[in-house]
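Here is a friendly walk through one protein model, written for someone who likes cut-offs stated plainly. Please have a look at the sequence and the structure before reading on.

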Amino acid sequence: MSTTLLTERDEWKALANHYEKIKNVRLQQLFAEDEKRGERLSAHAVGLYFDYSKNLITDETLRLLLNLANACKLRERIDAMFRGDKINVTEHRAVLHVALRAPRDTSIVVDGENVVPAVQEVLDRMASFSDRVRSGEWKGFTGKSIRNILNIGIGGSDLGPVMAYEALRHYSQRDLVFRFVSNVDGTDFVEATHDLSPDETLFIVSSKTFTTLETMTNAHSARDWALKSLQNEKAIARHFVAVSTNKAEVTKFGIDSANMFEFWDWVGGRYSMDSAIGLSTMIAIGPENFRAMLAGFHQMDEHFRNTPFDRNLPVLLGLLTVWYGDFFKAQTVAVLPYDQYLKRFPAYLQQLTMESNGKHVTLDGARVDYETGSIFWGEPGTNGQHSFYQLIHQGTKLVPCDFIGFCQSLNPLGSHHDLLMSNVFAQTEALAFGKSPEALKAEGTEEWLIPHRTFDGNRPSNTILAERLTPEMLGRLIALYEHSVFTQGVIWNIDSFDQWGVELGKVLAKKIIPELEAAKEPELEHDNSTNALIRFYRRSKRK
């Protein structure tokens, strides 16, 4: 834990001074001065080509950012995480999502126990169960094979499986239907089940404690829905399995504890999609493809752990995010995957980054005096180009962008993929270099129209290219951002692995529920606004 305030570090001050010198630097100038810049400011590792040349940086910027990383003891913090030290200090827990994808012969010790064998045992049980469902061997209560799999979770137990299923749909077993229910809004459950038959439907209920309000509300509605048709409590054991650690509650629900798949308190929800939380993913794509995805995760883990920082993809990505957020005061990062299969990837990264680094105090509990945690958002290309790119190109806000593309399409169709990828390269070029009034005038643009058609350029972007979207590649991409988030958290000296900000609203909601449901007008003790809202809701509900 650091005792020196970040903004008091010599390395931070050096960056602040450097920023003042180059804040008006033009990418056009940087490229003109270095004809090899595009090749030089790039890195290629574990199948990913990372072009960061279109950033508002010089060699000096990189040197100073790397100095800051070393001063913040990033190397030591990486080693501590992989070692199993309890770096989640507020919950006194190890942070070991890397153990979920470690090979069988690895040893990672937590509280005196090597956790890898337990991880592998759960993966083997998942594989056996997945094979039985995929083959039709697992039968529902009436003897029919399972055709529909519904994952019930929220947060990390929903966003990860949803994203992975959509990303790897090309590899999924197409005669199975996969749906995901997370929102406590009853519409989510009703729409997910309206055309399904209970005797062919399997529910995966994902909740570590098996007490999460939203998840268990949906789980009990699913139970009622199934029993309305199947008419026998014994049916629950054939149509429900659990991803949890609470055997007592799972059994009480009616699920056979033999069909409870465990995970551990050293796995945070947003880092858990490659644990048993990924059971729906494994059923969809099969154990072999799931193992390939884990191998991709592990390859990026090892790259992050062992590669010098100046060629380390997650470190470079993380340091650039710090550079823009803290010095250029950029509030957001746009993630723009040019692959329809990755349509849920930006939403997944929202939780990964914003729940991890949306913190206002350091590990020591001191209030920060610098920005942490960028807002992540985005949509797949080319859809976003006809939506929000206008603001990125000509708006008043600086929006650093990550473009993600693949050299080979999983669905070749005429010239579609070349058209798609031409837009990746064109957008990064346009953002970087823009179009000047002089160029417009030379083209014959009318004088009055020139200001409207001028592109200032100088808008930074990264481009991440890979050969093909495979399960292995998806694992690498997710781990890239996981470790980038960790890098940022180390620089900011915050705990990237707790999420206390989620708790207060939950506590207050539990207090308000009986006030909304009470037969008689309750005695309200909230603020004036909340009291008025509750009373309005109760009156309108009665109508």
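The notes below cover salt bridges, cysteines, surface charge, backbone geometry and a few distances.

This is a predicted model, in which local features need pLDDT of at least 70 and side-chain atom pairs count only at pLDDT 80 or more, while totals for chains, interfaces and linings use all residues. Residues are numbered from 1 along each chain as its sequence is written, and side-chain values use heavy atoms, with hydrogens and water left out. The structure holds 28 salt bridges, whereas a search of the whole structure finds zero disulfides.

**Terms used throughout**

- Buried means under 20% relative accessible area, exposed means over 50%, and partly exposed lies in between (1.4 Å probe, protein chains only).
- Helices (H or I, at least four residues) and strands (E, at least two) are DSSP runs, numbered from the N terminus.

**Salt bridges**

- A salt bridge here is a side-chain nitrogen of Lys or Arg within 4 Å of a carboxyl oxygen of Asp or Glu. As background, side chains of opposite charge can pair when their charged atoms come close.
- Arg 63 pairs with Glu 60, and their closest N and O atoms are 2.7 Å apart. The two residues are three apart in helix 4 (residues 59-71), so about one helical turn separates them. Arg 63 is partly exposed at a relative accessible area of 42%, and Glu 60 is partly exposed at 33%.
- Arg 93 and Glu 91 also meet through their side chains in a salt bridge, at 3.8 Å from N to O. Arg 93 counts as partly exposed, with 27% relative accessibility, and Glu 91 is partly exposed at 23%.
- Asp 498 and Lys 359 form a salt bridge at 2.8 Å, N to O. This pair links distant parts of the chain, 139 residues apart: Asp 498 sits in the loop between helix 20 and helix 21, and Lys 359 in the loop between helix 15 (345-357) and strand 11 (375-377). Both Asp 498 and Lys 359 are buried.
- Arg 101, Asp 274, Asp 301 and Glu 482 are linked in a network of salt bridges.

**Cysteines**

- A disulfide is counted when a pair of cysteine sulfur atoms lies within 2.5 Å.

**Surface charge**

- Arg 535, Arg 539, Arg 542 and Lys 543 gather in a patch of positive charge on the surface. Patches are made of residues with over 30% relative accessible area and no salt bridge, and like charges are joined within 9 Å.
- Arg 535 lies in helix 22 (residues 528-542) and is partly exposed, with a relative accessible area of 34%.

**Backbone geometry**

- Where is the peptide bond from Gly 381 to Thr 382, and is it cis or trans? The bond is cis, with omega near 10°, and Thr 382 is placed in the loop between strand 11 and helix 16 (389-394).
- Gln 231 has phi near 60°, a positive value in a residue other than glycine. Gln 231 is in the loop between helix 9 (213-230) and helix 10 (236-239) and counts as exposed at 62% relative accessibility.
- Asn 458 has a positive phi of about 60°, although it is not a glycine. Asn 458 is in the loop between helix 19 (450-453) and strand 13 (461-466) and counts as buried at 11% relative accessibility.

**Distances along and across the chain**

- Val 502 is in the loop between helix 20 (471-492) and helix 21 (503-517), and is partly exposed at 31%. Its C-alpha atom is separated by 36 Å from that of Gln 173, 329 residues apart along the chain.
- Pro 514 is in helix 21 and is partly exposed, with a relative accessible area of 45%. The C-alpha atoms of Pro 514 and Leu 413 are separated by 56 Å, with the two residues 101 apart along the chain.

Key
Patches are made of residues with over 30% relative accessible area and no salt bridge: like charges are joined within 9 Å, nonpolar side chains (Val, Leu, Ile, Met, Phe, Trp, Tyr) within 5 Å. Accessible areas come from the Shrake-Rupley method with a 1.4 Å probe; for residues, only the protein chains shown count as cover. Lys and Arg count as positive and Asp and Glu as negative; His and the chain ends are not counted. The place of a charge is taken as NZ of Lys, CZ of Arg, CG of Asp or CD of Glu.
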